[in-house]
Amino acid sequence: MKKRVAIFISGGGSNMVRLVEDMQAGGHAAEPVLVLANDADAGGLKKARDMGIATASVDHRPFKGDREAFQTALNEQLDAVQPDILCLAGFMRVLTESFVAPWEGRMLNIHPSLLPKYKGLHTHARALEAGDKEHGCTVHLVTPKLDDGPMLGQATVPVLEDDTPDSLAARVLVQEHKLYPAVLRNFAAGNSDFISL
């Protein structure tokens, strides 16, 4: 039996597309069963539908900051498809412990920095401000603490002298598209070896 994967997005879903493409390529221990967004207009939803994946959206705005109610609505969507693994792929909402705890050890996230550096936002600008020579991305297991769970893989890029946050982000994204599918393929097969690209 293949592991069932639900993917959370907030925007265009480029990492989601790479994950789905890899799962659909064959020889994979997992299959995508749902792409869920917190915005019905998220561009990634159409991409997922075009790839034959079920989609849903739960707009966070009507909940007016009530995270627990929002998360209950998310869980209702998940209950309908019974996933084994959750992949956060550019999902821009913080999930609280009550949501994360039941999924601990089964929820992955990709973060655009070499954790433990630069948790949170504006990672590329922060790497440039610090004068880092190397930057990259990390796939990790999600825990209740932000960007803090056990790391499953990292990919690095050199920081160039003329880099801007945007140019650096673009190069990191290329690596994200390689790293996340590789880690999910490994993880779904029950292999927790750290992947380094």
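Biologist: Where is His 122?

Modeller: His 122 lies in the loop between E5 and H5 (DSSP runs numbered from the N terminus: helices are H or I with at least four residues, strands E with at least two). This is a predicted model, where local features need pLDDT of at least 70, side-chain atom pairs count only at 80 or more, and totals for chains, interfaces and linings use all residues. Numbering starts from 1 along each chain as its sequence is written, and side-chain values use heavy atoms, without hydrogens or water.

Biologist: What is the phi of His 122?

Modeller: Near 55 degrees, so positive in a non-glycine residue. His 122 counts as exposed because its relative accessibility is 62% (exposed is over 50%, buried under 20%, partly exposed in between, with a 1.4 Å probe and protein chains only).

Biologist: And which peptide bond is cis?

Modeller: The one from Leu 115 to Pro 116, with omega near 10 degrees. Pro 116 is in the loop between strand E5 (107–111) and helix H5 (123–129).

Biologist: What about Gln 82, buried or exposed?

Modeller: Exposed, because Gln 82 has 53% relative accessibility. Its phi is positive too, about 50 degrees, and Gln 82 is in the loop between helix H3 (67–81) and strand E4 (85–88).

Biologist: Switching topic, how many residues are in the largest nonpolar core?

Modeller: 36, and Ile 7, Ile 9, Cys 87 and Leu 108 have the most contacts inside it (a core joins buried Ala, Val, Leu, Ile, Met, Phe, Trp, Tyr and Cys through side-chain atoms within 4.5 Å). H6 supplies the largest share of this core, eight residues. A second, separate core has 21 residues, including Ala 6 and Phe 91.
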